[in-house]
Amino acid sequence: MNAVQQIVGAAAVLVAAPCMAHHSMAMFDPAKTLTLHGTIKEFQWTNPHCFIQLLVPKAVGPAGAGSVVEWSIELNSPLASYRLGFRPRMLKPGDQVTVVISPVKDGSAGGQFISATDATGRRLPAAKEPT
Amino acid sequence: MSRSVPWICAVVAVALMSSADAEPAGSQRERALAKLPNWTGIWETEAAARLLTSHAHQFEPPKLWGKPPYNAEWSKKVASAHPQGAPPVSASPGGVPPAGVFDLPPTAKMCSAAGFPAIMEAPVPDYLFEILVTPEETLLLATDGAARHIYTDGRAHPQPDDLWPTILGDSIGRWEGKTLVIDTIARTAGQVARVPGAADLSAEAHFTERLRLIDSDTMQDDLTIDDPARFAHPWQISIRYQRVKDISRLIAIDCTENDRNPVVNGRIVISPPR
């Protein structure tokens, strides 16, 4: 499986996490999703947004073998994240996770968090369903 | 007789200390407190609650971001500030927010103290507030650190020489049954939010609110803004709140802590981690 899988299309945003709108969302491309398989470098539990710093192996092949790209994945604020079921020590350096994001439009290694699963396939967090 | 004097003094001293530390049972203040509604708890706008669980980014612009009933002079000023037409933010005053996905202008950020009246209509579920009701004042404490004091001890607004505009203004209130009627003046002139098109008020704006419980978990604020310098007639808005049950304490937020979204070349980006 590739470390980065890209899905394009409006149907791909069905599991989108809430937008907290501390700033415009114009930087993200809601029509695309990327699935990133990587290793947690850092989980920033900070205001106004939490961030997952994820180390993702570069594309398979002689040129990319062994190197990684660090992705910055933006979540909600700590308070809103907490209300959604996240906890500050939920993600630890070294954890293997799969994260689905809406990428930034400028092509840099960043995006908006949509969903995540751990190495066993368990959804993170134990998501609260809409009421 | 002389030996009993110190003992009597001690009894009197203890009695005086007790009366200073605690209200005697059935006191006037206790009776006043008993008559007041218990609004203790954490509250958020219904729009923010919907956003928290929205899987479709259904941000609802506050009604306060809509166009108030400006007079002819201010309608012209607003139109000249937005020559392309309507401001990018539009909401029906007092009505239902526009349907569909809403976004802020591409470089807009909302990372500053909300102030009044924005504090009463936060559109995101981390700008929450707690309410404490006492006979002397009702205190509204917000996650952004704001403390809105609504004095209900019968005092008037300060005299002009003792009053100047602030981001929260000066609020006094009175109880009509279980409804708190709030009168606010001396709010700093300017827009209610740093968003293009948001209502722009003068420092002479006069705010009247009727805050009450609809049921044990629902509260409503009927807000009337009278700004004769800019409005053709008063502007009325109703804001609904619901009790927050998924957190047990008010947790402070601070937008300056780790802002990784600078505006670079006219657009917001994600900066590398520090």
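Two strands are taken to pair if DSSP finds at least two bridges between them. The model shown in these views is a predicted one.

**View 1. The closed barrel of chain B.**
Chain B contains a closed barrel of 9 strands, in the order β1-β2-β3-β4-β5-β6-β9-β10-β11, and the pairing within this barrel is mixed. From one strand to the next, the twist averages 30°. Strands of a sheet pair through backbone hydrogen bonds, in either the parallel or the antiparallel sense.

**View 2. Strand β1 of chain B and its partners β2 and β11.**
Strand β1 of chain B, which covers residues 41–45, runs antiparallel to strand β2 (residues 129–133) of chain B, and 3 bridges join the two. Within this pair, Gly41(B) stands opposite Ile131(B) of β2(B). Strand β1(B) is also joined by 3 bridges to strand β11 (residues 235–243) of chain B, again in an antiparallel arrangement. Here the bridge partner of Trp43(B) is Arg243(B), which belongs to β11(B).

**View 3. The antiparallel pair β9 and β10 of chain B.**
Strand β9 of chain B (residues 206–215) and strand β10 of chain B (residues 218–226) pair in the antiparallel sense, with 9 bridges between them. One residue pair to find in this view is Thr208(B), which stands opposite Thr224(B) in β10(B).

In chain A, the peptide bond from Leu124(A) to Pro125(A) is cis, with omega near -10°, and Pro125(A) is placed in the segment after β7 (123–124) of chain A. In chain B, the peptide bond that leads from Phe116(B) to Pro117(B) is cis, with omega near 5°, and Pro117(B) lies in the loop between α4 (72–81) and β2 of chain B.

Ala186(B), a residue other than glycine, has a positive phi, near 60°, and its place is in the loop between β6 (179–185) and β7 (190–191) of chain B.

Technical notes. Residues are numbered from 1 along each chain as its sequence is written. Chains are lettered from A and ligands numbered from 1 in the order in which they are written. This is a predicted model: local features need pLDDT of at least 70, side-chain atom pairs count only at pLDDT 80 or more; totals for chains, interfaces and linings use all residues. Helices (H or I, at least four residues) and strands (E, at least two) are DSSP runs, numbered from the N terminus. Axes are lines fitted to C-alpha atoms, for helices over the stretch in contact, and angles run from 0 to 180 degrees between N-to-C directions.
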